[in-house]
Amino acid sequence: MSVDYTLIGKRIKQKRTAAHITQERLAEMINVTVGYISQIERCITKPNLDMLSEIGRALDCDIGYFISGADYNKQEYLDDELVRKFAALSNREKRMTLDFMELLVKNRF
């Protein structure tokens, strides 16, 4: 599995713009140059995990989102993941899964 740095840059830009943070402000927040942020967003420079962590902290975002696109902090992620996995099951497996879920709901502590 290779890392898609182009997608990482796009996701960083998406989170940054959604938070109404300029490249200049993000650069100040993590103590790098504006050019460096621009290069990451355009996939000219490949950030290491420490830098992704700093960017994630500044943008209030788990670095897993930058890498995989999944926002593990959101309930919708779990719902979407459950739907995807459920859709891949056979009818028999779906029935078994629903039965198991029913037991879970009935026996919650």
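How many aromatic pairs does the structure hold? The structure, a predicted model, holds one aromatic pair. The legends below describe close-up views of this model.

View 1. The largest nonpolar core is made up of 16 residues. Within this core, I12, L26, I30, I55, L59 and F66 have the most contacts. At least two core residues come from each of α1, α2 (23-30), α3 (34-41), α4 (49-59) and α5 (63-68). Helix α4 gives the largest share, five residues.

**View 2. R16, a buried arginine of helix α1.** R16 belongs to helix α1, which spans residues 5-18. The relative accessible area of R16 is 7%, so this residue counts as buried. The side chain of R16 is joined to that of E41 by a polar contact of 2.6 Å. Setting aside residues up to four places away in sequence, R16 touches I21, T22, Q23, L26, E41 and L59.

**View 3. The charged end of K15 and the ring of Y65.** K15 places its charged end over the ring of Y65. The distance from this charged end to the ring centre is 4.8 Å.

**View 4. The buried side of helix α2.** Four residues of α2, namely Q23, L26, A27 and I30, are buried. They lie on the same side of α2, because the arc they cover around the axis is only 100°. Just after α2 comes N31, which has a positive phi of about 60°.

**View 5. Contacts of L26.** L26 is one of the buried residues of α2, and it is also among the residues with the most contacts inside the largest nonpolar core. Not counting residues up to four places away in sequence, L26 touches R16, I21, I37, I55, A58 and L59.

View 6. M29 lies in helix α2. Apart from neighbours within four places in sequence, M29 is in contact with I21, R57 and A58. M29 and L59 are 30 residues apart in sequence, and their C-alpha atoms are 9.5 Å apart in space.

Notes: Residues numbered from 1 in each chain as written. Predicted model: local features only at pLDDT ≥ 70, side-chain atom pairs only at ≥ 80, totals over all residues. Heavy atoms only, no water. Buried < 20%, exposed > 50% of the residue type's maximum accessible area, 1.4 Å probe, protein only. Polar contact = N/O pair within 3.5 Å; in protein donor to acceptor, adjacent residues only side chain to side chain. Contact = heavy atoms within 4.5 Å. Phe/Tyr/Trp six-rings, centres within 6.5 Å; stacked < 30°, edge-to-face > 60°. Lys NZ or Arg CZ within 6 Å of the ring centre and 35° of its normal. Core = buried A, V, L, I, M, F, W, Y, C linked by side-chain atoms within 4.5 Å. Arc of directions from axis to C-beta.
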